[in-house]
Amino acid sequence: MEKLYTGRDFHGFEVGETLVSPGRTITEAHIAAYAGLSGDFNPLHTDEEFARNTVHGGRIAHGMLTAGIAAGMLNRYVDGTAVALLDAQFKLTRAVRAGDTLHISATVANKRLSSKGNSGIVEFGVDMLNQNGETVLSGAWKILLNA
């Protein structure tokens with residue numbers, strides 16, 4: 001049986017188009033699982049007593065967890081059509097905590113067909129926002145897609 005994917009190919013994106021993902025609530029389980037998978041047990045993420053005495057006033061999610069979730073949110077639009085993530089630049093602008101609900105707003109900034117014509121690069125401006133509309137991550141990603 002053929003596997004069906006839902007992602008758009010290179011031609012399915014228009015410069016200036018903005019994609020908005022559904023929200024996802026970050027849980028304690030996400031933070032604990034990421035600590036275990038990554039080996040990042042920084043007490044800022046895993047020790048409430050320690051983190052309470054920091055500028056954040058409590059534990060926060062890992063920055064790379066936040067970025068990974070943003071990537072997953074963008075993946076819904078390129079599922080099965082992405083060939084490679086070529087570049088990902090981002091800035092973490094606000095702490096994320098368990099209980100925050102996040103979504104991305106990704107705008108197609110540029111696109112160009114590859115020299116062979118069987119793939120193309122789409123550049124996205126990506127912002128991740130919390131439930132209050134505050135930006136927690138801002139960046140630019142380039143993805144090579146099937147044409």
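**Entry 1: the pocket**

I began with the largest pocket, which has a volume of about 190 Å³. A pocket here is an open set of points on a 1 Å grid over the protein atoms alone, where a 1.4 Å probe fits, with protein on both sides within 12 Å along at least five of seven lines. The volume is the space filled by probe spheres set on the points, and points are joined across faces, edges and corners.

I then looked up the lining, meaning residues with an atom within 4 Å of a point. The largest pocket is lined by 13 residues, and A71, L74, L85, W141 and I143 are the closest to its centre. Two or more lining residues come from each of α4 (63-75), β3 (82-92) and β6 (135-146). Helices (H or I, at least four residues) and strands (E, at least two) are DSSP runs numbered from the N terminus.

**Entry 2: ground rules**

The model is predicted, so local features need pLDDT of at least 70 and side-chain atom pairs pLDDT 80 or more, while totals for chains, interfaces and linings use all residues. Residues are numbered from 1 along each chain as its sequence is written, and side-chain values use heavy atoms, with hydrogens and water left out.

**Entry 3: T66**

I picked T66 in helix α4. T66 is buried at 4% relative accessible area, where buried means under 20% (1.4 Å probe, protein chains only). Beyond neighbours within four places in sequence, T66 is in contact (heavy atoms within 4.5 Å) with A61, L92, V96, M128, V136 and L137.

**Entry 4: rings**

I found one aromatic pair, counting Phe, Tyr and Trp (its six-membered ring) with ring centres within 6.5 Å. The ring centres of F13 and F124 are 5.4 Å apart with planes at 85°, so the pair is edge-to-face, the class for planes over 60 degrees apart. F13 is in the segment before β1 (18-20) and F124 is in strand β5 (residues 119-129), so the pair ties together parts 111 residues apart in sequence. F13 is buried at 0% relative accessibility, and F124 is buried at 1%.

I also checked charges over rings (NZ of Lys or CZ of Arg within 6 Å of the ring centre and within 35 degrees of the ring normal). K111 has its charged end over the ring of F10, 4.5 Å from the centre.

**Entry 5: whole chain**

I noted four helices and six strands.

Conventions:
Buried means under 20% relative accessible area, exposed over 50%, partly exposed in between (1.4 Å probe, protein chains only). Rings of Phe, Tyr and Trp (its six-membered ring) pair if their centres lie within 6.5 Å; planes under 30 degrees apart count as stacked, over 60 as edge-to-face and the rest as tilted.
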